[in-house]
Amino acid sequence: MKKEYKNIIELSTYGLNYEKDNLFDDEYGNFHRPAGIIYEEMKILKNRNLQDCLKLGRNLLELVSDCPSSRNFNIILNHSSVQLGRTQAIKYIECFNYLNEKFQKNQPTEELEELGIEKLYLLSTVKDCLKRVKLETYITDEKLTVKQVSQLITILNNKSEIFKIATKFLKEFEEEYSRRIDPHNPF
C-alpha cells in the first residue's frame, strides 16, 4: 500500500513563531539560532527519546523558516550529517508543531509523549479537532499499535472505502428499518 505524504506538506506553511512561547524556548531561547549550531545539535538528537525527536523537529523547522521551498528543504536535509529522509523529517516537524500547539494553549502533553513519533504523527493528520482530542485518550488507554492507529485514522478521516461502504449500508438499513416501523412514511 502506497503512503500518501504528498498532500501533507506545503513547506511555506511551516515556520517557528517567535512571537509566541514555543517548546524548548527555555533551552534554546526565543530567537533564531545560526544554522551551524542547529546542524551540530541535529547529529546528537536523531534516534533518541521523544523529547529529542521533538527538538529535532524544532531544529528542522528553524532551518526551514529561512527558506520554505521544497528544493531548499532537500538541500537542508542533504547538508545535515543526519541520515534523515524527507518523509521522516516531515514527521518530526509535524509532531513538534502538534505538541507545540498544545503547549501554546497550555494543554497537557505528558500523556502524548508515551506514544512515540509514528503515533503522534498519525494523530496530527486527524482533520477534526474534537475527534483528535478523543482519539488521543483512546490510543493511550487502549495501547493501540501504529497499524491500528493508522487504520482508525483513515476511517475517521473518511478516506477508507470500507467506511464508505459501511456508511451506505447503515443508511440503507436505517431507511428500511424506519419503513418497517411506519409503513405510511415513504422515507
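Colleague: What makes the side chains of K91 and E118 a salt bridge?

Modeller: The distance does. In this predicted model, the two side chains meet at 2.9 Å, N to O. The cut-off is 4 Å between a side-chain nitrogen of Lys or Arg and a carboxyl oxygen of Asp or Glu. So 2.9 Å passes, and the pair counts as a salt bridge.

Colleague: Where in the chain do K91 and E118 lie?

Modeller: K91 is in helix α5, and E118 is in helix α6 (residues 117-124).

Colleague: Why is K91 called buried?

Modeller: Its relative accessibility is 4%. Buried means under 20%. Therefore K91 counts as buried.

Colleague: And why is E118 called partly exposed?

Modeller: E118 has 29% relative accessibility. Buried needs under 20%, and exposed needs over 50%. The value for E118 lies in between, so E118 is partly exposed.

Colleague: How many salt bridges does the structure hold?

Modeller: It holds 5. One of them joins E62 and R33, at 3.0 Å, N to O. That pair also links distant parts of the chain, 29 residues apart. E62 sits in helix α3 (residues 50-66).

Colleague: How do you know that R58 and E62 form a salt bridge?

Modeller: Their side chains meet at 3.7 Å, N to O. The limit is 4 Å. So this pair passes too. Both residues lie in helix α3, 4 residues apart, about one turn of the helix.

Colleague: Why does a spacing of three or four places matter in a helix?

Modeller: An α-helix has 3.6 residues a turn, so residues three or four places apart point the same way.

Colleague: What makes R58 and E62 buried?

Modeller: R58 has a relative accessible area of 0%. E62 has 0% as well. Buried means under 20%, so both are buried. R33 is also buried.

Colleague: Which residues are linked in a network of salt bridges?

Modeller: D25, R33, R58 and E62 are.

Colleague: What else does R33 do, and where does it lie relative to Y28?

Modeller: R33 lies over the face of Y28, at 3.9 Å from the ring centre. The distance limit for a charge over a ring is 6 Å.

Colleague: Which aromatic cluster does Y28 belong to?

Modeller: Y28 forms one aromatic cluster with F24 and F96. The count of aromatic pairs comes to 3.

Colleague: Why is the pair of F24 and F96 called stacked?

Modeller: Take the centres: they are 6.4 Å apart, and rings pair within 6.5 Å. Now the planes: they stand at 25°, and under 30 degrees counts as stacked. So the pair is stacked. This pair also links distant parts of the chain, 72 residues apart. F24 is in the segment before α1, and F96 is in helix α5 (residues 86-104). Both F24 and F96 are buried.

Colleague: What makes F169 and F173 stacked?

Modeller: Their ring centres are 6.3 Å apart, within the 6.5 Å limit. Their planes are at 20°, under 30 degrees. So that pair is stacked too. The two residues are 4 apart in helix α9 (residues 161-181), which means about one helical turn separates them.

Colleague: Is F169 buried or exposed?

Modeller: Exposed. F169 has 52% relative accessibility, and the line is drawn at over 50%.

Colleague: Why are the buried residues of α2 said to be on the same side?

Modeller: Those residues are I38, Y39, E41, M42 and L45. They cover an arc of only 170° around the axis, which puts them on the same side of α2.

Colleague: Which residues does N59 touch?

Modeller: Leaving out residues up to four places away in sequence, N59 touches Y28, R33, I38, E41, M42 and L45. N59 lies in helix α3.

Colleague: What makes N59 buried?

Modeller: Its relative accessible area is 0%. The cut-off is under 20%, so N59 is buried.

Conventions:
Residues numbered from 1 in each chain as written. Predicted model: local features only at pLDDT ≥ 70, side-chain atom pairs only at ≥ 80, totals over all residues. Heavy atoms only, no water. Phe/Tyr/Trp six-rings, centres within 6.5 Å; stacked < 30°, edge-to-face > 60°. Buried < 20%, exposed > 50% of the residue type's maximum accessible area, 1.4 Å probe, protein only. Lys NZ or Arg CZ within 6 Å of the ring centre and 35° of its normal. Arc of directions from axis to C-beta. Contact = heavy atoms within 4.5 Å.
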